[in-house]
Amino acid sequence: MKKYLLAILWGICLLPINAIGQTLSMSIEEAKQRALAAHQKMKMAEERINVAHYTQKALKTNSLPKVAATGIAYYATHNKKQTWDLGKISLPSSALEKMQGLAQQFPQIVPLLEHFSGGISIPPFQYQLKTGNTYFASVFLEQPIYTGGKITAGNKMGEIGERMAKQSFRLSQEEVCLEVEEAYWKLVEVRELQATAMAYTKTIDELHRVVNNAVNEGLRTKADVLRVEVEQSKANLQLERVKHGVQLATMNLCRVTGLPQDTELLPTSVVEDKIQPVPTVEGDLSARPELALLEEKVAMKRAEEKMKRSDFLPQIGIRAGYNYVRGLRINDKLLLNEGTPSVMVSVQVPIFNWGEGKNKVRAAQSEVKIALAEKQEAEEKMRLEQQQAYHYCIEQQLAVELTRKNVLQAEELNRQVRNRHEAGLDTTADLLEVEALLTKAKSDYITAKSEYRIAQTKLKKALGEL
């Protein structure tokens, strides 16, 4: 039993990776849906929308009253003991004059007058100050009244940031869709090239059998067999290269769509042979998310200018609260134990700052101009991109038509040369040449169709229709 189990495990280990991996059929639309759901770029763009949304909600709270509380507790074991020597208190001269008048009438108070004439001595006062176990608590409300437009500008910046995040998300969608289109149609292309290479290899193998039989019958020479064998080696090498291309293209599409790398993908969408008309480019850029992002950037810079200006305008706010303090004992007698309400109005008016405010506002205005210039430059580049995508699509459309004609002509030439070769009128080298020519024409046609499909996608992206 152990021998059978070991044999099964060894057989599983020897299986190729693709045999273990999953086989999945997928259309171009399914590939886009998977990519949009699994691509890291889309996840990051979605989180940026969340960041902008919650940032905007946080900025809106700046105009609302804020309630806060603070508390302080102080404890110390050291108590301060001190003697307060008050010294003597001198009597006013008016009091002394009155006492002197009374002494003339009542001589018995003369000793008392002599005692007070130098001042009244106050005995020293001893006290103990305890600072430990002191508590302070405060609850207060703050409400901004006027901030020079800072709160309004901040709310505006939050709204613009959220719109920019949504446009960035849309741009990421287009980029991912374009990446999927390129990866998908490349896989379709290399799989069709693989089928063409396999068919060409079978054709050369069959030709090798026919020529070898002809040599045995004395109709062909050994040189003809060698020519076919050389072409066989070339065909097998090309087939191996195409197989590697299929593996790499499959892995790339798996990466884009978020599938495991060992998944075997079978594309179900094909490039139609029918050529679709290319839309006319009118230079409309309103649908491009890149332009919308630049417009929002200009709006953001203008809001930042208002924010800079508000830093140097008057600021007015109000604060109301309730404070309670308990502690600070003198000779074990509680000195503080009371709560008091308070209201405070704060007004800050900038008077002189050496031109700091003016220079910062001018710098912000320059940033607005830079954003406008960037937008204008980007518009020109996007118009050029539209024209390039349009002409490239026209070129690939022409390439599809020409390569299709080349395939028809190569097939006809191949048929004629094959008939002449069977009749002994053409050499084996001629037949090999037209077979290679036919295979190349088919490969060029497959590549042209794939490039045309990608060119259509790039044109849609340039027009903002992807």
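Start by selecting Y184: setting aside neighbours within four places in sequence, Y184 is in contact (heavy atoms within 4.5 Å) with M26, S27, I28, A31, L253, P267, T268 and S269. Before you go on, remember that this is a predicted model, where local features need pLDDT of at least 70, side-chain atom pairs count only at pLDDT 80 or more, and totals for chains, interfaces and linings use all residues. Residues are numbered from 1 along each chain as its sequence is written, and side-chain values use heavy atoms, leaving out hydrogens and water.

Together with Y184, they touch the most other members of the largest nonpolar core, which has 28 residues. Such a core is a set of buried Ala, Val, Leu, Ile, Met, Phe, Trp, Tyr and Cys residues joined through side-chain atoms within 4.5 Å, and buried means under 20% relative accessible area (1.4 Å probe, protein chains only). Colour helix 7 (150-216): it gives this core its largest share, 10 residues. Another core, of 17 residues, lies apart, and A389, Y445, A448 and L463 are among them.

Next, show helix 10 (residues 356-422) and helix 11 (residues 428-463), which pack at about 160 degrees with axes 7 Å apart. Helix 10 and helix 11 are therefore roughly antiparallel, a label for angles over 145 degrees.

Last stop: G327, in strand 9 (residues 315-330). Is G327 buried or exposed? G327 counts as buried because its relative accessibility is 3%.

Note on methods: Axes are lines fitted to C-alpha atoms, for helices over the stretch in contact, and angles run from 0 to 180 degrees between N-to-C directions. Helices (H or I, at least four residues) and strands (E, at least two) are DSSP runs, numbered from the N terminus. Angles under 35 degrees count as roughly parallel, over 145 as roughly antiparallel, 65 to 115 as roughly perpendicular and the rest as oblique. Buried means under 20% relative accessible area, exposed over 50%, partly exposed in between (1.4 Å probe, protein chains only).
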